[in-house]
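Welcome! Here is a short tour for anyone meeting this structure for the first time. Take a look at it, and then read on.

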Amino acid sequence: MWLRFAFTASLLTPFLHIVVLLISGQDAVATPIIELSRHKWGNLHTLELVLFGAAHVALAIGLGGLDRGRLWPYGRVLLVASSLVLIYIAYFFAADGTVSGPAANDPLWLVATLTGLAMGALQPGLSRLSRQLGLFSAICLGVWLWLIPLILLVNDGWVGAYERLVGLVYVTWMVGLTLGLMRRVRMTSVH
């Protein structure tokens, strides 16, 4: 049940993002994601972020019965911490938080750090659970780490594209992970 919720909520996240992007008429390449919260349909973007945060908690709960090593509980805690930061980001974006200029306070780096740490902490256990799931997660983690220095090359005209690329990797990891875990649980329950 928890994994199914995490899967569905993670799938709804990019769908809602695209809907708000289209409704608002924002430029997907240049416009930072924070701007979607400042449109008249901003509540839908806030819902998207809160729903994605809820997916993290559901995934952390779903991982509870699949304990795979010393780092596994830390990965689960980091997923919940990411969830809390995502919910804060939803509030921050909706409350006109500043992400550029001298008063900048961009909380996106915190969720990116927590998510990367969660990916790393879960990686050994995922590899023990399933070679395919471990490989998938390792690829996502590798791309995630590769995106860190890429930010140094991104100018203001491409910030939206960069944020959406990071978001794509993030959502892909959540969807792929939950789907793989649901299949694994289904296979073990049949045997």
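Two residues are said to be in contact when they have heavy atoms within 4.5 Å. With that in mind, please note that this is a predicted model. The tour starts with one histidine and its helix, and then turns to a pair of packed helices.

- His 17 sits in helix H1, which covers residues 2–24.
- Its relative accessibility is 12%, so His 17 counts as buried, the cut-off being under 20%.
- Leaving aside residues up to four places away in sequence, His 17 touches Ile 33, Leu 36, His 45, Glu 48 and Arg 164.

**Helix H1**
- H1 has 23 residues, and at 1.5 Å a residue these should span 33 Å; the C-alpha atoms at its ends are 32 Å apart, which agrees.
- The buried residues of H1 include Leu 3, Phe 7, Leu 16, His 17, Val 20 and Leu 21.
- After H1 comes Gly 25, which has a positive phi near 70°.

**Helices H2 and H3**
- H2 (residues 42–62) packs with H3 (residues 72–94) at an angle of about 170°, and their axes are 8 Å apart.
- Because of that angle, H2 is roughly antiparallel to H3.
- On the H2 side, the residues making the contact include His 45, Leu 49, Phe 52 and Val 57, while those of H3 include Arg 76, Leu 79, Leu 86 and Phe 93.
- By type, the residues of this contact between H2 and H3 are 16 nonpolar, six polar and one charged.

Definitions and conventions:
Residues numbered from 1 in each chain as written. Predicted model: local features only at pLDDT ≥ 70, side-chain atom pairs only at ≥ 80, totals over all residues. Heavy atoms only, no water. Helix = DSSP H or I, 4+ residues; strand = E, 2+ residues; numbered from the N terminus. Buried < 20%, exposed > 50% of the residue type's maximum accessible area, 1.4 Å probe, protein only. Expected span 1.5 Å × (residues − 1). Axes fitted to C-alpha atoms, helices over the stretch in contact; angles between N-to-C directions. Parallel < 35°, antiparallel > 145°, perpendicular 65-115°, else oblique. Nonpolar A, V, L, I, M, F, W, Y, C, P; charged D, E, K, R; others polar.
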